[in-house]
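Take a look at the structure first.

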Amino acid sequence: MAKVKLVKTARPKKVPQLSPDEWEQGWQSYWKQAGFTPYELPVEERNKATQEYRFLMTSRTRKREIERLARIEAEFIRGFKGLSKLGPAVTVFGSARFKQNHPYYKLARQVGGELARQGFATLTGGGPGIMEAANRGAHEAGGDSYGLNILLPHEQSINPYVDKSIEFRYFFVRKVMLVKYSCAFIVMPGGLGTLDELFEAATLIQCKKIGPFPLVLIGTKFWEGLRKFGRFMMEQGVFKPDEVGFGRITDSPEEAVDLIVRSLPRAVRNQLTPIQSKK
């Protein structure tokens, strides 16, 4: 009988828990070598586009494919024009399902207020739940509150705390806008859409297509499973700890925004104009 050769597996590596200062030092060390892609700021006046388009619901033809490309291009142009004057902004991702009395709604509202006080514009998907809460906090504190609303069959409407809204029919175009015009991301508890947005941002940062931009998750209990899975993945060697050094989990809106301010390049920090919250 042939002998069975046993394959020894590598022992899992222990991933250290980092303090905020250690996290920042690791972040700065990693990205000092990686370099920084320019963060665009407004330089001239732009006009808002208003044209709307319908979904394509018929069979595929060359003509209709060209028309679809034209609609996609028009959405990109509308987004670029509508956001071209936007200064440093932070996108807040999160579920549309949390109501006003939910603790996560209250946390997101604090996040929006804290972002406004530090001088950031707040970007969200423009809908209810976490998006509404973040827009509400920013609006109440006197900051810029933007909503990039997606048109859905069940008619998701823009929340009342958005000062400027842009509507999209294509999820991927909307997501490009939420990423392109942000210099940081805060991820609140959410479902599949939130996870999609979280991993989209994380992948682009890891691959150095954007950033280095901070990515902070709020809700230690909610994200505990993801934290454990992330540590397991690191132990398996699919990515290194410093490649996700931009991801931190906290329960404090103040800490989240402070980490963002501390982690941004000086050139971006210099564009911030902190404001006092409205009484």
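Predicted model: local features only at pLDDT ≥ 70, side-chain atom pairs only at ≥ 80, totals over all residues.

Q: Is Arg 136 buried or exposed?
A: Arg 136 sits in helix H4, residues 130-141. Its relative accessible area is 12%. Buried means under 20%, so Arg 136 counts as buried.

Q: Which residue's side chain is joined to that of Arg 136 by a polar contact of 3.3 Å?
A: Leaving out residues up to four places away in sequence, Arg 136 touches Gln 100, Tyr 105, Arg 109 and Tyr 161. The polar contact of 3.3 Å joins the side chain of Arg 136 to that of Tyr 105.

Q: Which element supplies the largest share of the lining of the second largest pocket?
A: This pocket has a volume of about 530 Å³. Its lining draws at least two residues each from strand S1 (89-93), helix H5 (171-180) and helix H6 (192-206). The largest share is five residues, and they come from H6.

Q: How many residues in the lining of the second largest pocket are charged?
A: The lining holds 23 residues, with Gly 94, Ala 96, Phe 171, Gly 193 and Thr 194 nearest the centre of the pocket. By class, 10 are nonpolar and eight are polar. The charged residues number five.

Q: Which residue just after H7 takes a positive phi?
A: The phi in question is about 85 degrees. The residue that takes it is Gly 237.

Methods. Residues numbered from 1 in each chain as written. Heavy atoms only, no water. 1 Å grid on protein atoms, 1.4 Å probe; cavity = no way out; pocket = protein on both sides within 12 Å on 5 of 7 lines; lining within 4 Å. Points joined across faces, edges and corners; volume = space filled by probe spheres on them. Helix = DSSP H or I, 4+ residues; strand = E, 2+ residues; numbered from the N terminus. Nonpolar A, V, L, I, M, F, W, Y, C, P; charged D, E, K, R; others polar. Buried < 20%, exposed > 50% of the residue type's maximum accessible area, 1.4 Å probe, protein only. Polar contact = N/O pair within 3.5 Å; in protein donor to acceptor, adjacent residues only side chain to side chain. Contact = heavy atoms within 4.5 Å.
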